[in-house]
Structure formats: structure tokens, C-alpha cells
Amino acid sequence: MISDVYFPRINGVSTSIQIFRRELERLGCPTLLVAPKFEQSWDDDERTTRVGSRPVPLDPEDRLMFPRELLTACRNLAGQFDVIHIHTPFLAHWVGVKLAKELGVRSIETYNTYFEEYLHHYAPFVPRWALRAFARRLSRAQCGSVDAVISPSMPMADLLRGYGARSPIEVLATGLDLEQFEGGDGRRFRAMHGISEDRPVLLHVGRVAFEKNIGFILDAFSDVRAQVPDALLVIAGEGPALQALRKRAIASGLEDSVMFVGYLDRESTLLDCYRSANAFVFASNTETQGLVLLEAMAVGTPVVSTAVLGTKDVLERGDAGAIVVPENRERFAQATVQLLGDRDLQRRLGKQGRRYVEQHWSSDVMARRLLELYESLTSTGMEHPPARSEIGVDRRTLPG
């Protein structure tokens, strides 16, 4: 596996890689990972290789690996792997495709980033139409340079086909290891942050980036407070939009009602944070999967969310334990107020969400499907990339 991002950089891609690696190991398929070095240390296993890197301009949280060092590190692993799995579309893609051709091995790429709605946040000086056209050409070219593509959601797969991508595209989400979501103490989190036990708490977890549409959440929360004056919005995570959102909260008169708590440890304080909330609120338009929605459901926190792209896959079923609304400030606020005012509804949706994740989003099931895809790609005597019907993942059937 090659990726331009991994822990200690916290985001959905890092989480997905970690989950799949752990589950594939359990299935007897060990993986090698090549990822960038960060300034912060991380407790890597012996199958992880770190490559020197520097900060990315305009996005210092991420790292740009040194191309020659990356290529050398990957070449040094030659003979130890059967498939190259690319997780990000930057240097990891370039090196992964080059290496696959050099070594005569199959390559597969997970399309994790919705560039069409992503780039304009980081290059606002470029016309959106130009960025959109560039994103589509880039996606089409990259998908065509690998033997198969994994899309975390059906809408994303449909978009890629609409761009003209010709490689086989398989819909395969990450899933969750539910054992990791058994703990957590909401009272402990509230006590730590001075939040009274009876105060209504809304929660948003994720990278604090412009494309996450957290500004919309703040606007809707202003309307929520008009009806629930003591409501508190907790925003967990960090990112390039953090200072802008702090200023926006102050300008909206919300400085005493919005709490930014930064990154939280996934095995302790994050679980406490999830369990402290009466509702999880989300409105991102760029998610290719929406893992944080599944995490909230896994701990029994009811959800109010829009359903776009990857989040649509998660939420479109009626038994998902969520209230789904359009990106409309008034309707989003109304749904949130309704949920905050009905404890029975909170408990019912919380139980429903947990059951939904248990039945349809197990990480073990997803890893088995990925392993089947690897095995199909490496079948002896295969002269061409497998057709969709040949790969052991039914693209017509989403989880559940």
C-alpha cells in the first residue's frame, strides 16, 4: 500500500488504511505500507516504511514526500508484494503506477477524494469551472492508469463513470471494528470540559476544513439556539478552517455556545466525546464515505445529517438511526431541535443506528471483499484486468 497520508495525520484515509490493514492481517494477508514521515512520531509496525517529506503549501497539515526517496523505498520492497494498492492521487499514485509497470504487478487505487468539490477551497483565485474541468480530466486519467478502482460509495463510482473512467470500478466501503466502540464515558468528557450533565450537546467530529461545510452547521446552530438557548455545539478536530470558524462563531455571537476541543484520542477521549452528545450533526458535501457517521452510530449517538455522495450511501436506508435533511438551514435546525427535545427519539435512533452498523458495516466483511478483489487481480494467466462481474465484489449491492 502507498499513501500520501497516514497517522499521525488524522483523517478518513488514515483511518481506512489502518482498519483494512488490521483486518487483512487477521485474514492472513499481511500488508506493507509506504507513507510520509511527519514531525510527530507514530508507533508504526515493522511493515510500515516512512519516507522523508515536507509540508504542503497552503495545507501544512499534510506532507509532500520526496519523489526519489519514495521511489527508492518502494523499489526496495520489490518481490515482497503481489498487488500495489494506491490510496491517494498525488505522488503515491505516480510512484505506484510507475512501479507496477516496472515490476509487472497489478495496481489498484482507492478514490478517496472528491476533487470536483474540493479544489476550489484551496485555490479560490482559479475559476471554479476551470478547476472542475481539471479535476475531471485528472480523475479520468488516474483511473485509467490502474487495473481496478475502489470507490467507497456508489454515487462516487457513478461520478467517476460519468467522467469517462474506463477501469473496473468496485464499490467497497471501509466498515468499522465494533469492538473499538464498546467503551466511552460521556459524563467523564462533560466533567473534563465543564459541561453540565443536563446541557443539550451537539457534536461534529472530523477534519476542520473548508470543504466539510462546518460553516453551514454554525449557521443552523444559531437557529437552534433561538429555540434551545442552553444548547452547546462541540467541534472535535483540527484543520485549516479552524481560525476562520472561531472568528465566525464570535461574529455570530456563539463564542459561549461553541467549543473547539481539537484532536481526540480514538481509543479514549473520542469515545467519551461521542457518548457525551445528544446528537451528531454533519453536512459535508465532499465525503466519499462518511466514516464519522458510522462511528457516531456505533456508539449509539443519533444523527442529523444531509445525505450527499458518500453520506448518501450510509444514510439512504430507513433504518440507519438518523434524521436526514437537505442542506437547508431552517430544516436542518428544525430537525435538530426536534431531536434535542425528545429523549425517547434519541434513545430509539441511537439503538437503531448501532444495530444498523452491526448488520451492514462490519470491517471484517469489507476486508474479505477486498481480499477477494486482490485475489482476482492476481489470478494466474489473467491477460487483462478483470471485468466487474469477475471480481468477487458485487457492485450492485452496497453493504446491507
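How much space lies in the largest cavity? About 80 Å³ of space lies there, where a cavity is a set of points on a 1 Å grid over the protein atoms alone at which a 1.4 Å probe fits but cannot get out, and a volume is the space filled by probe spheres set on the points, which are joined across faces, edges and corners. This is a predicted model, in which local features need pLDDT of at least 70 and side-chain atom pairs count only at pLDDT 80 or more, while totals for chains, interfaces and linings use all residues. Residues are numbered from 1 along each chain as its sequence is written, and side-chain values use heavy atoms, with hydrogens and water left out.

The count comes to 3 cavities of 30 Å³ or more. Lining residues have an atom within 4 Å of a point, and those of the largest cavity include His85, His87, Thr110, Asn112 and Gln289. This lining divides into 5 nonpolar, 7 polar and no charged residues, with Ala, Val, Leu, Ile, Met, Phe, Trp, Tyr, Cys and Pro counted as nonpolar, Asp, Glu, Lys and Arg as charged, and the others, Gly among them, as polar.

The second largest cavity has a volume of about 40 Å³, and its lining has 8 nonpolar, 1 polar and no charged residues. Helices H7 and H12 each supply at least two residues of this lining, and the largest share, 4 residues, comes from H7; helices (H or I, at least four residues) and strands (E, at least two) are DSSP runs numbered from the N terminus. Among the residues that line this cavity are Ile217, Ala220, Phe221 and Val224, and these also belong to the buried residues of H7, buried meaning under 20% relative accessible area with a 1.4 Å probe and protein chains only.

Helix H7 itself covers residues 214–227 and reaches 20 Å from its first C-alpha to its last, close to the 20 Å expected at 1.5 Å a residue, the expected span being 1.5 Å times one less than the number of residues. What covers its buried residues, by contact (heavy atoms within 4.5 Å), includes strands E9, E10, E11 and E12 and helices H8 and H12.

Turning to open space, a pocket is an open set of points with protein on both sides within 12 Å along at least five of seven lines. The second largest pocket has a volume of about 410 Å³ and is lined by 20 residues, of which Pro30, Thr31, Phe81, Asp82 and Val83 lie nearest its centre. Strand E5 gives the most to this lining, with 3 residues.

Note on methods
Buried means under 20% relative accessible area, exposed over 50%, partly exposed in between (1.4 Å probe, protein chains only).
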